[in-house]
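Please look over the sequence and the fold before reading on. The paragraphs below begin with individual residues and then turn to the packing of helices.

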Amino acid sequence: MPSPDLSDVVAEIAAEMAARPDRGQVATYIPELGRIDPNQFAIAVALRDGSVVCGGDCGTYFSIQSVSKVFTLTLALGLAGDRLWNRVGREPSGSRFNSIVQLEQERGIPRNPFINAGAIAVTDMILSGHQPREALGEILRLLQFLADDDGVHIDRAVAASEERTGFNNRALANFMKGFGVIENTVEYVLGVYFHHCAIAMTARQLAAAGSFLAHQGKNPATGHSVITAERARRINAIMLTCGHYDGSGEFAYRVGLPGKSGVGGGILAVVPGKASVAVWSPGLDAWGNSHLGRIALEMLTTRMGWSIF
Ligand code: DON
């Protein structure tokens, strides 16, 4: 059977998602995110030739939150190489994204770079020897470079909102500092972490930015080599096993792609060799992952035959 036309599939998904009454709950623990209208949805599929097939609110900026952790991991691996894995594990946690329970049992070493504790430890490695402003600039410039778009920016209101309410993250960071896993001043590390989570992008920009992960570390549209093929493969492996926290098994079962979610309602998913996909809908499921985003990706991979399994 010939595979269906991607533009048709994307348009159908956008229409169905716009009409669905069950949209999940927006995150309220970061008050600024609680103000977002849940009736929004976007899907963007960036292809090898650089074209991006879009549906819904593809040009609307949203808070990428934990999706930023894919890019901070990419940056930190470039800086620290495999030494990074001395301070962060590579196993699924089976716990919520902001859980502290395993940290004490495992001597302050976070299970993986995508749970909050792991991402804070990764941010500490990026900060090493720099001013927070410089480290944050590095992260933002990486996203602008990957998306090939200077419109990518930091939403200061979201960062300030999380800075005021980030008590759990302060606990995680201080706990790791107590074990010697965090090297820099805790408030500096958290300042960079809160701000990189508050990066705002459109679905179109995010899909383009993830393109290197679908094409062996190289963005085929811009010709930029970002990382080695081996490293891209390994980041994809961690996205598949840990990218949706304690919902990673469910995501692999239903969608069948490496993916990374954020509490802003974004998900970046990778179709190796074919495409990079960004979806966004602010309402979340019980695991803190985009409710409609996951359903949309399940529809996309089912219709296009894009599951990696
Ligand atoms: O640290 C936090 O709690 C947020 N800045 C990011 C958490 C997040 O996106 C979890 N993902 N679904």
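**Annotated residues and helix packing**

E162 lies in helix 6 (residues 156-165), where helices are DSSP runs of H or I with at least four residues, numbered from the N terminus, strands being E runs of at least two. The model is a predicted one, in which local features need pLDDT of at least 70 and side-chain atom pairs count only at pLDDT 80 or more, while totals for chains, interfaces and linings use all residues. Residues are numbered from 1 along each chain as its sequence is written.

E162 is buried, because 24 other C-beta atoms lie within 10 Å; a residue is called buried if 20 or more other C-beta atoms lie within 10 Å of its own, exposed if 12 or fewer, and partly exposed in between, with C-beta atoms placed from the backbone. Leaving aside residues up to four places away in sequence, E162 touches I30, F194, C197 and A198, a contact being a pair of residues whose C-beta atoms, placed from the backbone, lie within 7 Å.

In an unreviewed entry, UniProt lists S66, N116, E162, N169, Y193, Y245 and V263 under "binding site"; such positions are given in the numbering used here, feature names are shortened, and annotations may be inferred rather than shown by experiment. N169 is found in helix 7 (residues 167-178) and counts as buried, with 22 C-beta neighbours inside 10 Å. Apart from residues up to four places away in sequence, N169 touches N116, I120, L190 and Y193.

Helix 7 packs against helix 8 (residues 186-197) at an angle of about 135°, their axes being 10 Å apart; axes are lines fitted to C-alpha atoms, for helices over the stretch in contact, and angles run from 0 to 180 degrees between N-to-C directions. That angle makes helix 7 oblique to helix 8, since angles under 35 degrees count as roughly parallel, over 145 as roughly antiparallel, 65 to 115 as roughly perpendicular and the rest as oblique. The contact is made by N169, R170, A173, N174 and K177 of helix 7 together with V186, V189, L190 and Y193 of helix 8.

A further pairing joins helix 1 (residues 6-19) and helix 13 (residues 291-304), whose axes come within 10 Å and cross at roughly 150°, which means that helix 1 is roughly antiparallel to helix 13. Helix 1 contributes L6, V9, I13 and M17 to the contact, and helix 13 contributes L292, A296, M299, L300, R303 and M304.

Definitions and conventions. Contact = placed C-beta atoms within 7 Å.
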